[in-house]
Amino acid sequence: MEGIAFSPSNNFNCYPQTHPIKTLIPIPFRFCNYKTNNPNQSLLSFSINSSKTTQTPITQPPPLVVVGSANADIYVEIDRLPTEGETISAKNGQTLAGGKGANQATCGAKLSYPTYFVGQVGDDAHGKLITQALGNGGVRLEYLKSLGGGVPTGHAVVMLQSNGQNSIIIVGGANMSSWPDKLSDQDLDVVKNAGIVLLQREIPDSVNIQVAKFSLSFEVSFQAAKGAGVTVIMDAGGMDAPMPQELLKFVDIFSPNESELRRLTGMPTDNFEQISQAAAKCHKMGVTQVLVKLGAKGSALFIEAASLCVQVKGAIPSMPDRKSILNLLQSV
């Protein structure tokens, strides 16, 4: 198995990569293999082809569609997790718009990519906070629903430890309530016309399965959004339950963190070799591309995928815009 490991620090490991890397942004760039002191190893790098970036007109790409969660994230900074029965004080705390789905949608929009969010919030202060943050980030909100009837907006308590690790407790709220048994034709139509669909497990599996299996005729069948030519990416985070096999077989890229990978495969993930073996088991389960998130150590990518790892408090505030990404690519 081959992949690339990126680290946010200056000490990183690069593993030989032979598969093409996909990008959501139509940027002309080229790959270079730089030789190291080890004759059996080369480092993969890439750079912008500046002669083409200003001369080739870019047509509007098919949109990114995120079907998922929107949470009010309550951040608390702590030195360590409390033990059973213990009360500790946090160094700091604040509430920010978040949720895996809302974070992914905002990231896409801040890269100047047309992005739609399909999700639900409550008619409360947290719902207004999230709606404003998504709108300010440039996300299209035609498919975001506000639920009445006292259904609260989903929220999460995010415990940030000084060693860079975090632990999260999720309250589902509107993310897990009042979804229709069958998504509307309007919601499914935006999926059909997407270039990429992002899913997570902070909404019911039944919703994810409907989206992932969606076909051109708007009927649920064993065709998937993939049957309409749509790439499906699945974030494993959220629900603490086995992953439905019928969902996995329609996923193009599966993205767990270390603990999620360990729980879903039943294999240890204490070092890179064990993570590689666990990722191989995911391949046997029907997933062809696996992106493993490694917390403070960055990310490990297997087959064809890519990741940018940042360590700034608050997912939405920390997301780079398109200009920042272009500046980064031009600097390497």
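The model is predicted.

**Figure 1. Helix α5, a mostly covered helix.** Helix α5 spans residues 205-212, and seven of its eight residues are buried. They are Asp205, Val207, Asn208, Ile209, Gln210, Val211 and Ala212. What do the buried residues of α5 pack against? Their partners are strands β4 (64-67), β11 (196-201) and β12 (231-238), together with helices α4 (185-192) and α6 (245-248). An α-helix has 3.6 residues a turn, so residues three or four places apart point the same way.

**Figure 2. The whole protein, for orientation.** Step back for a moment before the next close-ups. The protein has 332 residues, and buried ones make up 43% of them. Its secondary structure comes to ten helices and 15 strands. Among contacts between residues at least 6 apart in sequence, 64% join residues at least 24 apart. The accessible surface comes to about 16,500 Å², and carbon and sulfur atoms account for 52% of that area.

**Figure 3. The largest nonpolar core and the place of Val67.** This core has 42 residues. Which residues have the most contacts inside the core? They are Val65, Val67, Val191, Val197, Leu199, Met243 and Phe254. The core draws at least three residues from each of two domains, domain 1 (69-178) and domain 2 (179-331). A second, separate core has 19 residues, among them Leu64, Ala97, Val121 and Ile233. Now look at Val67 itself, leaving aside its neighbours within four places in sequence. Val67 is in contact with Val118, Val191, Leu198, Leu199, Gln200, Ile203, Val207, Asn208 and Val211. Of these, Val207, Asn208 and Val211 are buried residues of helix α5, seen in the opening view.

**Figure 4. An aromatic pair, Tyr116 and Tyr143.** The count of aromatic pairs in the model comes to two. Tyr116 and Tyr143 form an edge-to-face pair, with 5.8 Å from centre to centre and 65° between the planes. Tyr116 lies in strand β7 (residues 115-122), while Tyr143 lies in the loop between α3 (125-136) and β8 (144-147), so the pair ties together parts that are 27 residues apart in sequence.

**Figure 5. Ser69, a buried serine in a loop.** Ser69 sits in the loop between β4 and β5 (71-78). Its relative accessibility is 0%, so Ser69 counts as buried. A polar atom of the Ser69 side chain lies 3.3 Å from the backbone nitrogen of Lys100. Apart from neighbours within four places in sequence, the contacts of Ser69 are Gly99, Lys100, Gly101, Ala102, Phe117, Asn175, Gln200, Glu202 and Ile203.

Figure 6. Most residues other than glycine have a negative phi. Ser112 has a positive phi of about 65° although it is not a glycine. Ser112 is found in the loop between α2 (100-110) and β7. With a relative accessible area of 52%, Ser112 is exposed. Ser178 also shows a positive phi, near 65°, and lies in the loop between β10 (166-171) and α4. At 54% relative accessibility, Ser178 counts as exposed.

**Figure 7. Gly122 and its surroundings.** Gly122 is in strand β7, which also holds Tyr116 from the aromatic pair. Gly122 is buried, at 2% relative accessibility. Where along the chain does Val151 stand in relation to Gly122? The two are 29 residues apart, and their C-alpha atoms are separated by 5.5 Å. Setting aside neighbours within four places in sequence, Gly122 is in contact with Gly127, Ser146, Leu147, Val151, Pro152, Thr153 and Ala174.

**Figure 8. Leu96 in strand β6.** Leu96 has its place in strand β6, which covers residues 92-98. Leu96 has a relative accessibility of 18% and counts as buried, because the cut-off for that term is under 20%. The C-alpha atoms of Leu96 and His155 are separated by 9.9 Å, and the two residues are 59 apart along the chain.

Key. Residues numbered from 1 in each chain as written. Predicted model: local features only at pLDDT ≥ 70, side-chain atom pairs only at ≥ 80, totals over all residues. Heavy atoms only, no water. Core = buried A, V, L, I, M, F, W, Y, C linked by side-chain atoms within 4.5 Å. Buried < 20%, exposed > 50% of the residue type's maximum accessible area, 1.4 Å probe, protein only. Domains from an automatic or database assignment. Contact = heavy atoms within 4.5 Å. Helix = DSSP H or I, 4+ residues; strand = E, 2+ residues; numbered from the N terminus. Phe/Tyr/Trp six-rings, centres within 6.5 Å; stacked < 30°, edge-to-face > 60°. Areas by Shrake-Rupley, 256 points an atom, 1.4 Å probe, with all protein chains shown as cover. Polar contact = N/O pair within 3.5 Å; in protein donor to acceptor, adjacent residues only side chain to side chain.
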